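Below is a short report on one residue and the helices around it. The sequence and structure come first.

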Amino acid sequence: MMPVTRRAAGFSSVALAALGLSLIAQELTLPLKPNSVRFAVIGDMGTGEKPQYELAEEMARYRQKAPFDFVITVGDNIYGGDSPGDYKTKFERPYKALLDAGIPFYATLGNHDKPNQRFYKPFNMNGLQYYTYKKGDVRFFALDTNYMNPAQLAWLEKELQNSGSSWTICYFHHALYSSGAFHGSSTELRLVLEPLFVRYGVQVVFAGHDHVYERVKPQKGITYFTEGASGALRSGNLRKTLLTAAGYDRDCSFMLIEIAGDELYFQTISRTGQTVDSGVIPRVGATSGVASRSAISPLAVDVR
Amino acid sequence: MSSRVGVVGLLPWLLLPEVVSSGLTHHAQAPPVSVEEARVFKIFTARIRQYVKLQKDVEASLPVLKPTNEVARIAAHQQALARKIAQARGGAHQGDIFTIEVSKTFRRIIREEFLGPEARLARRTIRRDDPSERVVRLHVNDIHPEDIPLTTTPPTLLSKLPQLPKDLAYRIVGRDLTLKDTKAGLIVDLIPNAIPLNTP
């Protein structure tokens, strides 16, 4: 198992509350290095309700400080109806500032999404259920976990073989590892996807589905994040398990990622602008381990 | 009881020849099929090809759908495609593609999946988001239910059923297995109560 270096433990807000602590606002800590790959991660956001709008405003505010170049979505982009009005109120209006700034979104489909969202140009899916693209030295795979058929698995394996990048990141809707009480881990998907991820050196995976934020302890060398609280939220739904490295389930959140050389920096930010988790993941092969910089360091709580 | 012993090849994958030679991991490999399964799958595949031909002919009569900012155009294309396919298949009935013997074979494969050693995983995969567990009545040529969250079709089951061309998918709604045209949003055929109850 990959050794893990942790400078501070991460916590769910449940654990924090038990300690009578509150989150401490933290300034932006990403390194903002020149020529790095910077993007935001959102998931389960398409409610069209106030929390989605407020989090989207926070994203736009953060972009002034940390200019990220694109956004990836881990699905449930548009809940409920699928009319032009729904796309307006659940996507185009909340993210107007980002869209007006020319920030592209690269979407995946969640279980609440209609398959023909793949033809909606601002989602950059080009009519495809699953697809790949490259940014700098990072190869991204956007997968459809609603329908993980042999054709998709074969395509994924072939594309992973030819990744040709220092970093390989996969993202999709259903979390392979999750401590969310409502859904939890998608174990059958894990059986078919994890062997490919391990064999072909995927370093980081983003998913949603459970409406919480969670960073999972590295599993077989891979760091898994759940960011399913960028609009929908199941407050108090994160059950701290042996998987949990850090988590947050008291408010909506999004993630900022910066990849610079052999390091991936992450920072998870709440609707009120508080950093609830952050850290750096060295590229496997360069060094190993995850160093986390929790907003609540240097306190520590046992991970149960 | 299982007849999946006589290996005759990789028939479930024949619709995707590029898959067979890709050097897959064991999780993605096609399981062996029996002679009888191969025969039934061949019937099924022939009917799928007929449907795909009809689908393509109908779609050729419509403006090409390309990625667009105009959601109304996407919706209009789907609706027109669904309407025209439904018209072209006006006499379609349940069982036209999932024929009696195809259904029988599919039911057995599904039963093995949901009552076999990996049943727990498959049942967990199809656990629904919809807490009401309401029963939805499905009919051929109707629009596939859009107001309930999609159920992930178990990947291990998908590896055992004949592979489908792009824009067709196996879907699970309640206990029914549907054949869905994902572009038109139509129910092409279905096997009612294909998913067995928890006990054999």
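The model is predicted: local features need pLDDT of at least 70 and side-chain atom pairs pLDDT 80 or more, while totals for chains, interfaces and linings use all residues. Residues are numbered from 1 along each chain as written, chains are lettered from A and ligands numbered from 1 in the order written, and side-chain values use heavy atoms, without hydrogens or water.

B:Thr125 belongs to helix α5 (residues 119–125) of chain B; helices here are DSSP runs of H or I with at least four residues, numbered from the N terminus. B:Thr125 has a relative accessible area of 17%, so it counts as buried (under 20%, with a 1.4 Å probe and protein chains only). Its side chain makes a polar contact of 2.5 Å with that of A:Glu188; such a contact is a pair of N or O atoms within 3.5 Å, and within protein one must be able to donate a hydrogen and the other to accept it, with residues adjacent in sequence counting only if both atoms are side-chain atoms.

A:Glu188 is one of the buried residues of α6(A). Two helices of chain A, α5(A) and α6(A), pack at an angle of about 10°, with their axes 10 Å apart. The residues in contact are tabulated here.

| Helix | Contact residues |
|---|---|
| α5(A) | A:Leu153, A:Leu156, A:Glu157, A:Leu160 |
| α6(A) | A:Val192, A:Leu193, A:Leu196, A:Phe197, A:Arg199 |

After α6(A) comes A:Gly201, with a positive phi near 70°.

Methods: Buried < 20%, exposed > 50% of the residue type's maximum accessible area, 1.4 Å probe, protein only. Axes fitted to C-alpha atoms, helices over the stretch in contact; angles between N-to-C directions. Contact = heavy atoms within 4.5 Å.
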